[in-house]
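Dear colleague,

I am passing on the structure below, together with notes on what was found in it. Please read the notes with the coordinates open.

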Amino acid sequence: MSTLVSVLALFLLIAACIGFGSTLLTAFRARNYIVSPAAWMGLSFVVGIGVLGWLLYFLGIAGALNGPVCWGLLLAGSGGLLFARDRFGVIPAGIRPSAMGTLLIAALAVILVFDLLEGVSPPADADSLAYHFAIPKQFVANGTVTFIPRPASGAIPLLLHMTYAAALATGGELTMTLWTMVTGWGAGLLVYVLARYFVCPRWALAAAVLFLSTPAVLYGGGAGHVEIRCAAFALATAIFMIEAHRRNALAPLFLAGLCTGFFVASKYFGLIFAGSAGLIALYHRQWFVRGLVFGVAVLLSGFQWYLWNWLHIGDPLFPTLFQALGLPDTAYWTAEFDNYFSGLYQRTENPLDRTLWNWLLYPVYATFNVIRVLEGGRTGLGILLFLLLPLAVAGFLRRELRTPGVLILLALPFLFFTVWFFSGTTQRVRHLLPVYPLLLVAFMFLALRTAERLSLMRPFAVAVVVALGVQIAGQAVFSFNFARYVLGNESRSAFYERNVVATQAVTWANTHLTSDHKIAVMDRQLVYLFDVPVFMMHPHSQILIDARPTTTDQATFIAQARRTGVTHFLFTGEWLSAPSTDTTTEPFRRMITHLLKTGCLSQVATFRSPYIPSRTLHQLQSETRHVLAVVARLMPLKCPTKD
Amino acid sequence: MTQPSLRARRMAQWFFWIWIVGVFGLYVLSFAPVLRILGAFLTA
């Protein structure tokens, strides 16, 4: 697909989302209170992303997820731009930004350049290659949405992934990667719009710049991670809730409910956000009507993927309720595997006991990288909130600053964080990104007012500059990998050989296998790169082919592989018979070695590729350490069978 | 609304400067294990 078509598709996606959003905003009389061009563009765009993903679900399950249909849908959505034609003003001539404004615009330009470098590079993030982009690619290849019986990376709410699918179907990979960049910037625009409710334009711009350079945004914004786009839905929800309170009206509350529902349909944690926002909606003398309006809107926009899971496996929150609902064992999931999965999940994702003390200290643990598993350094929320903490607390103590708007911005993250922490789900800090900008804007407002009152503007500005400097420096290091590809005129295959282990094996498979074959891979980040049918034989999150480290039953393993239609396997690194210090995978390794020796698995290609400990800091790469990759063909006649 | 006294504002300034330096220092220290790697990266 040509670059021109990719760029055209990107602009059409943007136009369609603004069009869909403008139609909805006009229908719910938002024209009365969304006046500024920035606010209209930001809100209509974010609402439109939700509408697009929502509509694509129905096209997807109807088997109409293809290029022509997606182009048609985007063109239809663009028609809604008619509702926005009087909303886009022009910047009056003669306005000169202040010195601070100029500096912030320069910082924004630098961030844009870094983001563009990532946007025009092939996707390299592991989660995106494993499922964020691999699932849309699979859907588009099949022309339909299919159920993927894999928790955390398959049977999840996929509203945003459907918009990735539309980008892929219309403009190809380049449109998809640029689309994630643009939608991330949509969240940045809404930070500015929300901040303008509380502070002047230049500090609102500072908030947006700080948000766009946050480590967690950097990590997931340009990749397929959904948190930043969920942040956009959370920001839109907060804006509509503030308007609902200001106007004592139900229409903005319904829009807030729709945006919350889009978050629900994009990530399971959206349910926690819905509960938090729902509580705030209920805090009113007309609690029943408001609760009803908000709840109906959330259900309407958020139900799809939960129904989808329920229809296929009986658990709308797969696999959370599997045992609670007393569901029977199936080929997809069993009670025994459920215990294994949840035990492993608790050990790897929850380093902290759920105590009041840890709840209180979590921000310290996460900000100062005390607990590594929380990933507070590389993918955290930065240092800004901690720097502004004393001023924000001092501001909060002043009654005149505790406006309903500020209270909404503080209550939403507080409730979300509390329920999230005690729910027993993953404790990685990046999952708090959706509510982070709300806290950022509230802190910015409270701290700024305190700084003005106590003549602390200089240290306040220094705190902001320090936070921004650290974040932009981090972004520069992160972007080096992509700059090398874009500016160094590197080929796509060379880029992947530098970023993903064992890509030569994928190239071999794409050349030698056909659509009649199916290859099972254990290294999940390779999935996106295959152009032939592929099965993610994840050792810990699926049981269609039980590939746990303790698996030793050869006959069952082969029978499951045949039932799944697998004809080839790709084994890498620790899953092969190569000597390893890790003994946990020993039983499975022995089984594979035996199957290779007996001819049940016939080795057809072998590759050695350099071990890649970090994509960002490639200097960590060892010249001597290599990873072995073996492609093996399944030879059923030579395999053990179940009696 | 009464304005804070000059003494209160000076104390607040001292406190906030110390806070900024302390928090930033701790943050940098929290990255100590990777600073060495970063140094190697930048000088490569």
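A:Phe569 has A:Ala632 of S5(A) as its bridge partner, and this pair belongs to the antiparallel arrangement in which strand S3 (residues 568-572) of chain A is joined to strand S5 (residues 626-634) of chain A by 5 bridges. S5(A) also pairs in the antiparallel sense with strand S4 (residues 601-610) of chain A, over 9 bridges, and there A:Thr606 has A:Val630 as its bridge partner. Two strands are said to pair if DSSP finds at least two bridges between them, while helices (H or I, at least four residues) and strands (E, at least two) are DSSP runs numbered from the N terminus.

Please keep in mind that this is a predicted model, in which local features need pLDDT of at least 70 and side-chain atom pairs count only at pLDDT 80 or more, whereas totals for chains, interfaces and linings use all residues. Residues are numbered from 1 along each chain as its sequence is written, chains are lettered from A and ligands numbered from 1 in the order in which they are written, and side-chain values use heavy atoms, with hydrogens and water left out.

Chain A as a whole has 24 helices and 5 strands. Its radius of gyration (taken over C-alpha atoms) is 25 Å, close to the 26 Å that the globule rule (2.2 Å times the number of residues to the power 0.38) gives for 643 residues, so chain A is as compact as a globular protein of that length. Along the principal axes, the C-alpha atoms of chain A fill a box of roughly 80 × 55 × 50 Å. Of the 643 residues of chain A, 59% count as buried, where buried means under 20% relative accessible area, exposed over 50% and partly exposed in between (1.4 Å probe, protein chains only). Among the contacts in chain A (heavy atoms within 4.5 Å) with a separation of 6 or more, 74% are accounted for by residues 24 or more positions apart.

Turning to chain B, the secondary structure comes to 2 helices and 0 strands, and 23% of the 44 residues of chain B count as buried. B:Phe15 lies in helix H1 (residues 6-30) of chain B and is partly exposed, with a relative accessible area of 47%. Between B:Phe15 and B:Ala32 there are 17 residues of sequence separation and, from C-alpha to C-alpha, 26 Å in space.
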